[in-house]
Number of protein chains: 2
Amino acid sequence: MRCGDRSRYAHHAMTNTDHTHDPSRTSWIESANAPGADFPVQNLPFGVFSTPADESPRIGVAIGDQVLDLRAAIDAGLLDELDPETRCALHAPSLNMFMALGRDAWVATRSVVSTLLDASCPTVRDSDERRRAMVVPIAEARMHVPAQIGDYTDFYASLHHATNVGSMFRPDNPLMPNWKHLPVGYHGRASSVVIDGTPVRRPKGQTKADDAALPEYGPCRLLDYEMEMGFYVGPGNELGSPIAMGSARDHLFGLSLVNDWSARDVQKWEYQPLGPFNAKNFATTVSPWVVTLEALEPYRVDGPPRSSDDPPTIDYLQPAEAGAYHITVEVHLRSQAMREQDMPAMLISRGDFFDMYWTMSQMLVHHASTGCNMKPGDLLASGTISGPTDDSRGCLLERTWRGRDPLHLPDGTQRTFLQDGDEVILTGYAQREGAARIGLGRCRGIVLPAG
Amino acid sequence: MRCGDRSRYAHHAMTNTDHTHDPSRTSWIESANAPGADFPVQNLPFGVFSTPADESPRIGVAIGDQVLDLRAAIDAGLLDELDPETRCALHAPSLNMFMALGRDAWVATRSVVSTLLDASCPTVRDSDERRRAMVVPIAEARMHVPAQIGDYTDFYASLHHATNVGSMFRPDNPLMPNWKHLPVGYHGRASSVVIDGTPVRRPKGQTKADDAALPEYGPCRLLDYEMEMGFYVGPGNELGSPIAMGSARDHLFGLSLVNDWSARDVQKWEYQPLGPFNAKNFATTVSPWVVTLEALEPYRVDGPPRSSDDPPTIDYLQPAEAGAYHITVEVHLRSQAMREQDMPAMLISRGDFFDMYWTMSQMLVHHASTGCNMKPGDLLASGTISGPTDDSRGCLLERTWRGRDPLHLPDGTQRTFLQDGDEVILTGYAQREGAARIGLGRCRGIVLPAG
């Protein structure tokens, strides 16, 4: 296999864009070239899938509405340009080994796969046998959580979200004194991270009404979503050895959408003094395709913005480089009645990941600043992405201002919090003039009644 | 192999004690019969070890000052009475599979191993070859974290601890309104759980002095231990399916000592509003030998105590059976100077696990009450075990009352919080008339200077 000259990318350190980003390139998989496609040849996100014909989970790359089966491509000798360690990692049933290999392996893989899928490359394009063996419609693929997530950590990095929520729970003291000095975060529950499309059962939990003498245990009444950005750790650090800002990005593999489902009534009662626990641990949904930092390089910008009121950033969290990304995130809602009437989902908010106060690098570095060891496949999430406007608020608690301003759905009903049968659909994409659109796909879940 | 009649225990549901608890029994391993031995033939805790001669981690049972290598015993055909699935699980490099099998397999294994190690059983006792193959001095074994811990959760279940600490951090409001209604807990960090003996590097972290304008990043000044009881989950539950109190104990495999190292100055600055994060995630030490609930059966009692001031226990947390355990826990401290002068460690506190307000079953059931899925090998910890008296307080924050009442060490120095070179040694044991002593062994760590 030789399609063009790619050797110069084999050990390319990611400092800017390369031919894999060229927006004029197209793929021989036509659906990848459609305007608005999430997965053009410039994206190449990684996921883990299986099929009815072969139920073993394996790594694939999304291209248009298809998956390129990397295990099959390796078996056919099409990735022989990659070193044996990289091929071994890509032949695994999860992305952990590949995540552990680091940027050189990721860049080399991106380059080889990009070439294979380029419109001009006949290797797979012109072989019915190879296409049958290694190209699968996404519609026929069952997706799996892409990595074994050792630990899941959730941050709280949006100033707008923290201020809005804080003002509801603590009117006198919305933003804690520490908030602008460190990315506040807490450990989440890894076992209940589920993949896009998994139904989410309304949790039961202990709650207490303000006017009740005693708490009760029953179905959550204030079920909410949180629109977040997740990011997977690549190579880890040894216990006791913090990560410096200058090398933070080398430890970050890529991004997924995250719905951090939240039981607000449980949260309100339980969260003091040790933070959210049962309010969050019944389900966290991730999108299946992990979009690499390489793919998002055209969208990396300086950030986050600071105002003259903001305190100086402490040294160990000082940005070493541009570390923010312009990524549009959207929440769509579709009730059961809307599905039955074939109505499309309703867009209920749109925000920009750029609006976060803290970058992914700062969250990672703060997390490891005590020497906490991060491991390949660990999932960190940003916290709810909320912007300055009403319609950029990333959870219902804020979007309806705790139920004061219900949303009006096209089926004639109102929403303050989620109802049984509601489907929440998160989407995300980066898009600008002069660069290819990089989509994050979808992160969906339908609420089932409490058991 | 036939040593006595054990068939009647093969499917014994644990409802009371059986011949394996008989305090008159002894082992042919003489050190197991010494008064005060932690690991008599009535205990039989499980751990994962390796040796210089064979570095592969494998499951063993502690007996006196020796380890019985279960992999070697299986290879020699000595556990053939167990079903193949149980033998397979015991042949693994971690306890997760065995934990997943459930009580019948645990009881059957306990019975077979108990018989093999009984003073009257010649099978291994009288074979030099077998003793060489499967009996290893603990002093020569390298111990490993006994299970792959998917998630680690830390509770806060001691009323004395919560009240003491609460009164320091929130003098007006020491105990939150929720505290007596649910076992308050938070998700911890699984990646930094380390085994007994692992040195713990003093973390750096972000802290802010009360009179400082800005926070700073540097070595933790208020390093503390927390004496806790850890317990490992056995068979898990499916996501969306809570665990009932009546079956809670079937999901609990056994206990270890846990030192939840804490950076108090980091904690004070970071913990609001989402709870402890970096203050805890730099290291959590576990003792190597997991003492099963079966072994502790003679110490299971009704509990926890409630006073007339306490609110009624909500239905889903109502005890279905006796669920508390009398287990003495001790903290010992040894400075570098004490080690250099060959002074023994100093006992600085002694408490009773019985004093916790919430039982292990209640913590587990509350954790899963939203449908959160627990997995075999998950580690839950009780929170600091503190009793009503000064010398039963399980952390330095309480023991020295935030530094007001320093401890005086035999080397002539004082302690408010931990100094570099200090070794913290947790021990635990259950002991009473008419039952064999069941020890938990030790959980040790020496503080290294910040890096």
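Trainee: How many residue pairs are in polar contact between chain B and chain A?
Mentor: In this predicted model, 31 residue pairs make polar contacts between chain B and chain A, counting pairs with both residues at pLDDT 80 or more.

Trainee: Which elements of chain B give two or more residues to that side?
Mentor: They are strands E6 (152-155), E7 (185-187), E10 (204-207) and E11 (216-219), together with helices H8 (264-270) and H10 (360-367), of chain B.

Trainee: And which of them gives the most?
Mentor: E7(B) does, with three residues on the side of chain B that touches chain A.

Trainee: How do the residues on that side of chain B divide by class?
Mentor: The side of chain B that touches chain A has 29 nonpolar, 20 polar and nine charged residues.

Trainee: How many salt bridges does the rule find across the interface?
Mentor: Four salt bridges are found between chain B and chain A. One of them pairs Arg189(B) with Asp151(A), whose closest N and O atoms are 3.5 Å apart.

Trainee: What area is buried between the two chains?
Mentor: About 5,300 Å² is buried between chain B and chain A, and carbon and sulfur atoms give 61% of that area. In terms of contacts, 58 residues of chain B meet 57 residues of chain A.

Trainee: Changing topic, what volume does the second largest pocket have?
Mentor: Its volume is about 570 Å³. The second largest pocket has 24 lining residues, and those nearest its centre are Lys208(B), Asp210(B), Asp265(B), Lys268(B) and Trp269(B).

Trainee: What is the make-up of the pocket lining by class?
Mentor: The lining of the second largest pocket comprises 12 nonpolar, three polar and nine charged residues.

Trainee: Now the backbone. Where is there a cis peptide bond in chain A?
Mentor: Gln272(A) and Pro273(A) are joined by one, with omega about 5°. Pro273(A) sits in the loop between helix H8 (264-270) and strand E16 (284-286) of chain A.

Trainee: And what joins Gln272(B) and Pro273(B)?
Mentor: A cis peptide bond joins them, with omega about 5°. Pro273(B) is in the loop between H8 and strand E16 (284-286) of chain B.

Trainee: What is phi of Asp342(A)?
Mentor: Phi of Asp342(A) is near 55°, which is positive although the residue is not glycine. Asp342(A) belongs to the loop between helix H9 (336-340) and strand E21 (346-352) of chain A.

Trainee: Why point out these backbone features?
Mentor: Because most residues other than glycine have a negative phi, and most peptide bonds are trans.

Conventions: Residues are numbered from 1 along each chain as its sequence is written. Chains are lettered from A and ligands numbered from 1 in the order in which they are written. This is a predicted model: local features need pLDDT of at least 70, side-chain atom pairs count only at pLDDT 80 or more; totals for chains, interfaces and linings use all residues. Side-chain values use heavy atoms; hydrogens and water are left out. Contact means heavy atoms within 4.5 Å. Buried area is the accessible area (1.4 Å probe) that two parts lose on being put together, summed over both. A salt bridge is a side-chain nitrogen of Lys or Arg within 4 Å of a carboxyl oxygen of Asp or Glu. A polar contact is a pair of N or O atoms within 3.5 Å; within protein, one must be able to donate a hydrogen and the other to accept it, and residues adjacent in sequence count only if both atoms are side-chain atoms. Helices (H or I, at least four residues) and strands (E, at least two) are DSSP runs, numbered from the N terminus. Ala, Val, Leu, Ile, Met, Phe, Trp, Tyr, Cys and Pro count as nonpolar, Asp, Glu, Lys and Arg as charged, and the others, Gly among them, as polar. On a 1 Å grid over the protein atoms alone, a cavity is a set of points where a 1.4 Å probe fits but cannot get out, and a pocket is an open set with protein on both sides within 12 Å along at least five of seven lines; lining residues have an atom within 4 Å of a point. Grid points are joined across faces, edges and corners, and a volume is the space filled by probe spheres set on the points.
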